[in-house]
Each structure stands twice: as C-alpha cells, then as structure tokens.
Amino acid sequence: MASGLKSSTLELLKRFNRAFPQFYEQFVSSEIQLQNLRLAYRLYKTRRAVIELKPEGSKSALHFAYRNQSFLLSDIFGVLAAYGLTIHGLSLYGQIRPPMLVFMKLLVSRGSKALTEKTAENVCRAVREALGGRFEVEEMLAVEFNLDAGLEQVQTEFYVDPVFHLPALVIEADNQPGLFYKVMYAIWQEDLLVVNANLLVWRGRTRLILYLLGPNESLIPEYLGNKIAEGVRQRLMGK
C-alpha cells in the first residue's frame, strides 16, 4: 500500500481495491492502484469512458477506463487493427464486484513509431464512436482483412489459476494481422468478461493469458471451461 498518503485517501483506496480479485493489492503496484482510482473518479464525474493516447518513448500508450462489458475489447482491438497499429504491451485490471470497472493500458506503434497527434486523436474518437455504436468496426475491418479466414497454429487451454483463484484461458497463435481483434471477438461471442490479461510476443508467436468471468459475471467450472477453450479455438481457426 502506498505510503505518504492521507489517511482518507488510503481508506478510499482500500475500499476501491475490494472490488478487484484477491491478487490485485498484492501484485499490482501502488502507483497503478492510485492511477486506477483517479481514473475511476474521472469516470464518476464525467460518466464517459476515459480514452487517452499519449507518446511513451518510441511508442504510444493508450489508457482506457470504463464499465466492463464483453464487447468492449472486441471494439477497441478492432479499431486498433483498422488503423494498422502494432500492439507491444497490454495490462488490464478489471473488477469482479460492482461497479465492474475495467482499466487498461496498451502500448502501440504505427510503422515502428509513436502515433502522430492527429492519428492519436482519430483513434480515440473511433474508439469512442465504436463504444457508442456509431462506428461499425466489422465493416471497416472487412475492407482490410478477410475476417472469415482462420488463424494458424492456434492452441488454447483452460485452467483455474491457484494463485489468482480465477478461471484462465491461454491462447497461443502465430502473429498475423487482426490477431488480437479475432481473439477478442471470439471471447465476446462466448459472452466472457476479461478481468486480467498477460501478453507475451516471442519469435513470431503471441501468447495471451486471459483471466475471465463467465456470463452474468459468474465463475466458470472446469468442465465448462474446457468446452469454452475448444469453442474459442474452433472460432479462431475459422471452423
């Protein structure tokens, strides 16, 4: 827990953290916890999704905060694919109790460079429009990608994480255009809610570990999780 804070802020932070999985306070830095609290306050004041893209070294950092819903990531990653952005890093923290907020940071680039100010503005506007149902992500992507084409060399595995005490889905596939959008679209089709995510890109392969809740924010029993893992794999392979 962060030191040097007012007792009232510490108490507020403790109450805020109770809505997250058990591991959140233990494994997430105090700096990120405070940042997420500030983002939650902005959400409360504005009633609008927080969507910001700022330069961070040779890349750009997309910060996002909103109420978690199964279609969110599909829309966001669809917009990023439509703008031809490369994803280098992902951190995501979602609450498992009301108000079910989700906080995400994505490191992205275009042509191995940070986004221009104009492109960043356009991406943020497109994400907001997509969330409002005014930007047809699939329609725009269909111009660039064959959305019916399956991914290659896909592996999926379901397990219940013994440390985080959450259902987890591992997805591994060759790097290819539209990969993240297709993964998140498959997750949406299964009506799953992502509450934490880890990303590893290595030697032409992408490995995603997604910690999930099932329909109606329920825990997923193992027998159902194995069916979901196979269902996601079939969707990703275009079958």
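**Exercise 1. Which residue just after H3 takes a positive phi?**

Solution. This is a predicted model.
Step 1. Find the end of helix H3, which covers residues 30-46.
Step 2. Look just past that end: Arg-47 takes a positive phi of about 60 degrees.
Step 3. Check the helix itself. H3 has 17 residues and reaches 24 Å from its first C-alpha to its last. That is close to the 24 Å expected at 1.5 Å a residue.

**Exercise 2. Find the buried residues of H3 and name what covers them.**

Solution. 
Step 1. List the buried positions: Gln-33, Leu-34, Asn-36, Leu-37, Leu-39, Ala-40 and Leu-43.
Step 2. Recall the helix geometry. An α-helix has 3.6 residues a turn, so residues three or four places apart point the same way.
Step 3. Name the cover. It includes the helices H1 (7-17) and H2 (24-27). Strands S1 (50-56), S2 (59-67), S3 (86-94) and S4 (101-109) are also included.

**Exercise 3. Describe the largest pocket and say which element supplies the largest share of its lining.**

Solution. 
Step 1. Take the volume: about 450 Å³.
Step 2. Take the lining, which consists of 20 residues. Nearest the centre lie Ala-40, Tyr-41, Tyr-44, Pro-99 and Leu-101.
Step 3. Assign the lining to elements. H1, H3 and S2 each supply at least two residues. The largest share, seven residues, comes from H3.

**Exercise 4. Is Asp-75 buried or exposed, and which side chain of opposite charge is nearest?**

Solution. 
Step 1. Look at the helix around Asp-75. Eleven of the eleven residues of H4 are buried. Among them are Leu-73, Ile-76, Phe-77 and Gly-78.
Step 2. Settle the burial: Asp-75 is buried too.
Step 3. Look for a partner. The nearest side chain of opposite charge is Arg-134, 11 Å away. A salt bridge needs the charged atoms within 4 Å, and Asp-75 has none.
Step 4. List the contacts, leaving aside neighbours within four places in sequence. Asp-75 is in contact with Ala-130, Leu-131 and Val-137.
Step 5. Follow the chain beyond H4. The helix is followed by Gly-84, whose phi is positive, near 65 degrees.

**Exercise 5. How many cavities of 30 Å³ or more does the whole structure hold?**

Solution. 
Step 1. Search the whole structure: one such cavity is found.
Step 2. Take the volume of the largest cavity, about 40 Å³.
Step 3. Trace its lining: Asn-68, Gln-69, Ser-70, Leu-73, Ile-187, Leu-192, Leu-193 and Val-194.

Key:
Residues are numbered from 1 along each chain as its sequence is written. This is a predicted model: local features need pLDDT of at least 70, side-chain atom pairs count only at pLDDT 80 or more; totals for chains, interfaces and linings use all residues. Side-chain values use heavy atoms; hydrogens and water are left out. Helices (H or I, at least four residues) and strands (E, at least two) are DSSP runs, numbered from the N terminus. The expected span of a helix is 1.5 Å times one less than its number of residues. Buried means under 20% relative accessible area, exposed over 50%, partly exposed in between (1.4 Å probe, protein chains only). Contact means heavy atoms within 4.5 Å. Lys and Arg count as positive and Asp and Glu as negative; His and the chain ends are not counted. On a 1 Å grid over the protein atoms alone, a cavity is a set of points where a 1.4 Å probe fits but cannot get out, and a pocket is an open set with protein on both sides within 12 Å along at least five of seven lines; lining residues have an atom within 4 Å of a point. Grid points are joined across faces, edges and corners, and a volume is the space filled by probe spheres set on the points.
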